[in-house]
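Trainee: Could we go through this one together before I set anything up?
Mentor: Gladly; bring it up and ask as we go.

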Amino acid sequence: MATMDEIDRRIINALQGGFPICPAPYAKAAETIGISQDELLQRLTRLCADGLLSRFGPMYHAEKLGGALTLAAMSVPEERFEEVAEQVNGHREVAHNYAREHHLNMWFVLATEQPSQIDELIAEIEAETGLAVFNMPKREEFFIGLRFEA
Amino acid sequence: MKPPDDIDRRIIVATQAGLPLVPEPYRALADELGLAVEDVMARMQAMLDGGLIRRIGAVPNHYALGYRANGMTVWDVPDDAIAELGKMVGALDFVSHCYHRPRHLPHWPYNLFAMVHGRDRDEVSEKTAHIAELMGVKERGHQILYSQRILKKTGMRFTA
């Protein structure tokens with residue numbers, strides 16, 4: 001596992017939002033952290049390469065871009081689990097898929113460019129797998145904004 | 001806020017995997033797209049102000065940072081209390097997402113979802129007990145669905 005030192009932690013904790021939009025934003029961000037621009041760029045490059053950061057940049061709001069998102073769950077018999085995972089994952093619109101410990105043991109996020117495509121996609125997955133898909137679209141979002149302490 | 005136009009969409013596609021890690025990233029982006037740097041910065045600022053961009057910065061890989069356990073906690077709460085409870089739970093610093101979602105009776109009675117992260121399962125379970133305590137008598141039942149395995153994680157990708 002990649003290691004982090006005190007400065008890496010400071011960077012991750014300080015820069016989970018609020019990165020400036022200005023001609024030299026890394027210089028400005030580096031100043032608030034108390035390091036040089038070059039050091040910040042080198043460290044960010046390494047943190048991304050080592051996988052401690054998934055990426056560095058804007059996080060977009062899918063629905064506001066005109067797309068649709070939903071969370072869906074299935075109860076998959078253990079002996080068919082791998083086969084069904086492959087069928088589900090084969091759809092480009094499946095953004096994440098997690099195995100979870102529950103009677104409903106497969107949970108995936110569907111992201112489509114058009115809201116109408118969600119129902120079609122769910123019907124397709126039900127037809128392919130012969131299993132019921134429970135659609136759980138969000139009705140209200142209370143907060144998204146966890147800041148991970150590094 | 002108006003929906004993104006074609007130029008906005010080109011900026012979105014060019015930045016969804018990250019900003020260039022160079023001293024002048026917006027200029028690098030502008031050069032790549034054949035736009036003026038002032039235009040790129042103004043459009044990104046407008047998307048940030050309008051909420052199309054939730055935030056700009058480091059997106060940590062929580063698993064690599066040591067948050068190995070993730071429990072999707074699901075709660076059955078009265079519909080008329082969900083706004084109040086959702087706001088309370090969503091504000092907790094260990095909850096990453098908090099949503100109201102539909103029940104599927106009789107299979108699924110839960111209408112409030114809160115993703116809880118911890119270094120191990122004990123930590124997730126302690127944090128969940130803390131949520132239950134905060135909810136008090138309004139909570140009618142809950143479960144923790146621990147993730148066992150990531151089967152796919154490509155994230156969302158938009159095309160221009």
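Trainee: How many residues does the contact take from chain A and from chain B?
Mentor: This is a predicted model, and in it the contact takes 58 residues from chain A and 62 residues from chain B.

Trainee: Which elements supply the side of chain A that touches chain B?
Mentor: Helix 2, helix 3, strand 1, helix 4 (81-89), strand 3 (94-100), strand 5 (133-136) and strand 6 (140-144) of chain A each supply at least two residues of that side, and strand 1 of chain A gives the most, with eight residues.

Trainee: And what does that side of chain A have by class?
Mentor: By class, the side of chain A that touches chain B has 36 nonpolar, 14 polar and eight charged residues.

Trainee: OK, switching to cores: which residues touch the most other members in the largest nonpolar core?
Mentor: That core has 28 residues, and those touching the most other members are Leu15(A), Ala29(A), Leu40(A), Leu53(A) and Phe56(A) from chain A, along with Ile53(B) and Ala58(B) from chain B. In each chain, helix 1, helix 2, helix 3 and strand 1 each supply at least two residues of this core, and strand 1 of chain B gives the most, with four residues.

Trainee: What is Leu40(A) in contact with, leaving aside its neighbours within four places in sequence?
Mentor: With those neighbours set aside, Leu40(A) is in contact with Ile11(A), Tyr26(A), Ala29(A), Ala30(A), Ile33(A) and Ile35(A). There is also a second, separate core of 20 residues, which includes Val74(B), Tyr99(B), Leu112(B) and Ile131(B).

Trainee: New topic: at what angle do helix 1 and helix 2 of chain B pack?
Mentor: Helix 1 (residues 6-15) and helix 2 (residues 25-33) of chain B pack at an angle of about 120°, with their axes 11 Å apart, and helix 1 of chain B passes helix 2 of chain B in a right-handed crossing.

Trainee: Which residues meet there?
Mentor: From helix 1 of chain B, Arg10(B), Ile11(B), Ala14(B) and Thr15(B) meet Leu29(B), Glu32(B) and Leu33(B) in helix 2 of chain B; by class, this contact has four nonpolar, one polar and two charged residues.

Definitions and conventions: Residues numbered from 1 in each chain as written. Chains lettered and ligands numbered in written order. Predicted model: local features only at pLDDT ≥ 70, side-chain atom pairs only at ≥ 80, totals over all residues. Axes fitted to C-alpha atoms, helices over the stretch in contact; angles between N-to-C directions. Left-handed = near helix turned anticlockwise from the far one by under 90°. Contact = placed C-beta atoms within 7 Å. Nonpolar A, V, L, I, M, F, W, Y, C, P; charged D, E, K, R; others polar. Core = buried A, V, L, I, M, F, W, Y, C linked by C-beta atoms within 7 Å. Buried ≥ 20, exposed ≤ 12 C-beta atoms within 10 Å, placed from the backbone.
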